[in-house]
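Here is a friendly tour of one protein chain, from a single side chain out to the whole fold. Keep the 3D view open as you read.

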Amino acid sequence: MTTIGPALGVATALAAAGSAAALLVPERGRAAAVGVCTAGVGAAGAVAGAAALGGAHWAARLPELLPLAGVDLTVDALSGLFMAVSGGVVAAVAVYGIGYTGHGLTARPVQAVLPVFAWTLLLVPTAASVATFLLLWELMAATSLLLVLAEHRHRRQVREAGLWYAVMTHLGLILLLIALLLFAARAGGQSFTALRAAAGALSPAVRGTVFVLALAAFGSKAGMVPLHAWLPRAHPEAPSHVSALMSAAMVNLGAYGLVRVGLDLLGGGPRWWWLLTIALGALSAVYGIVQAAVATDLKRLLAYSTCENLGLVLLGVGAAGLFSTGGDQPLAALALAAALLHVVNHAAFKALLFCAAGSVLRATGTRDLDALGGLRARMPVTCALFAVGALGAVALPPGNGFISEWLLLQSLIHGLAVPGVATAVVLPVAIAAIALSAGLAAAAFVKALGVGFFARPRSTAASSAVESPRAMLTGLGLLTAACAALALFPGVLADALARATAASGLAGGHPVDAPGLHLRLAQVSGVLAPLWLALALVAAVLLLALLLRLAAREPRRRQAPLWDCGAGAPTARMEYTATSFAEPLQRVFDDVLAPEQDIDVTPVREAAYLVERVRYQRTVPDRIEHRLYRPVLALLAEAGRAARRLADGSVHRYLGYGFFGLITLLVALAVTR
């Protein structure tokens, strides 16, 4: 008997218990009760996902839960991978959230939503019919929206972020609804089994329409440019542990949906599908990390980093589809395995980074890197753990992000042998995009770590910060352990990746042991020696530095002031801020970023020719938002103002509207009969 069903039952019971505890338990013990139940939901989901990755399979139909359609649930290895990732993130972040109190989740209704949101993150990958998937997808979106709006009474930015998120996520839902209903109507059934069986009989136009709509809907959830506008707004404004759940678990389900629909249900498609996916993934990766590199808001930086990493995942999915279309199934399986492995790695280090950023926010009350500094001495544990997450984000050994990006690069490099002009043009560009995003990621996280933690404090709040409570450090420690395990022993995931890749519909054998590629992930700890070599080099450098310091130490050392050009000891005003650190990158990408600057000159009251103060301000807005969304919003606002003239209070006019509307409806019915 499989453990998947009982584990999901336990997760459901604990989610209900957590919501009840939020409504019934007094405030003193409420956070602990909700946190323990939510952590149990995550642990149960991780157990169910691990069982599926181990080869177990589970299916259930509950016809009485959803009228007319019923609820269909199925768990295979692909579902299990995303369930295990979501469950692990939920468990660690829920423990962290017990200590993260007073920052947006003290209200009973909001706390009652948190276990339900965690539960939907586990259940979305189990949906096995159109109705079930849409129901769980919308429940996930609605609960996450309520959590984003947790602090809407305190800050105007939260209300704006909630509005953007609500509009974008429901536009995505409409696109997904059209895509899946069109698919189901042509297939003659709404179960995934029926869709899978009928995919080959659909016309190319219908299949292409379904895929493009699904790509837009799922890409929007994954933060794909240009449908990313909600993400850098909602993730920073949500409470930090909610940000971690959204950025490390929820956005992954956009990638899951694309793999499930594009590769599994539709069975792949023509090259242009996957060339479009690769192009959008590369654009998301580069644009997201460029914005992160110039951001001064710590959580906004991490949000744009999520756009970058999910762009890499989409790029891997597109490469897998492209290679499969070209007939190279082993290479396609390798590209998809690299993308799925990056999902796992990104979930670990991004949850760690958002939780560490939440610790900084809780201790200082600010997310502005220009106002931080000095946290290495005040918050040494948080600083060290943030550094572990940053090392994973820059994709350098021994960080856990290195393996998945290296495998993705290897799949693209070997893909150059696949025949075709489009492949020969697109793959080098994709390789360049990955390399560029990795370099910019290094700059972004050097800025975040160096300016935010190692520089001198630039505000009273930063200089008086204190270390996080034990519960928060425990959650951070769990995520750090996951990052370390994924960095040092990624080979343990080889069989799980093979099963997940096979469940997606790619028949490429073992995806990381393909003939001629020499990429044996199952023996990664032995073959990929750079991971262990990097640790050995770090240890050797530290030992050498210690020996040199001991050798250079003199018995007696005299201290004398050096010539300092008349200045004293360096102060915080002499250091690089996040803005000044990123200024050279702003100059390089000036045409892409289009920064806005404002100079305000205040003259002396007695004489206009004398200047009392000059105020210089430079901001880097999201150019896609300004060029794509702002004109549309302005047009809609103008249409709304014009439409007010239609509602002048005249009953006769309203009756006329109804009469002409009825006539139009009758004419349309007569024409379409």
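Predicted model: local features only at pLDDT ≥ 70, side-chain atom pairs only at ≥ 80, totals over all residues.

Is Leu177 buried, partly exposed or exposed? Its relative accessibility is 35%, so Leu177 counts as partly exposed, a class that lies between the 20% and 50% cut-offs.

## Strands E1 and E2

Now turn to strand E1 (residues 58–62), which runs antiparallel to E2 and is joined to it by five bridges. Within this pairing, Val75 of E2 sits opposite Trp58.

How much of strand E2 is buried? In E2 (residues 71–75), four of the five residues are buried, so the strand is largely enclosed by the rest of the structure.

## Helix H12

Helix H12 spans residues 271–294, which makes 24 residues. From first C-alpha to last it reaches 35 Å, close to the 34 Å expected at 1.5 Å a residue. Because 18 of its 24 residues are buried, H12 is largely enclosed by the rest of the structure.

## The whole chain

Stepping back, the protein chain contains 27 helices and four strands. Its residues number 673, and 52% of them count as buried. Among contacts with a separation of 6 or more, 79% link residues 24 or more positions apart.

As for the surface, the chain exposes about 29,200 Å², with carbon and sulfur atoms supplying 67% of that area.

How values were computed
Residues numbered from 1 in each chain as written. Heavy atoms only, no water. Buried < 20%, exposed > 50% of the residue type's maximum accessible area, 1.4 Å probe, protein only. Helix = DSSP H or I, 4+ residues; strand = E, 2+ residues; numbered from the N terminus. Pairing = 2+ DSSP bridges. Expected span 1.5 Å × (residues − 1). Contact = heavy atoms within 4.5 Å. Areas by Shrake-Rupley, 256 points an atom, 1.4 Å probe, with all protein chains shown as cover.
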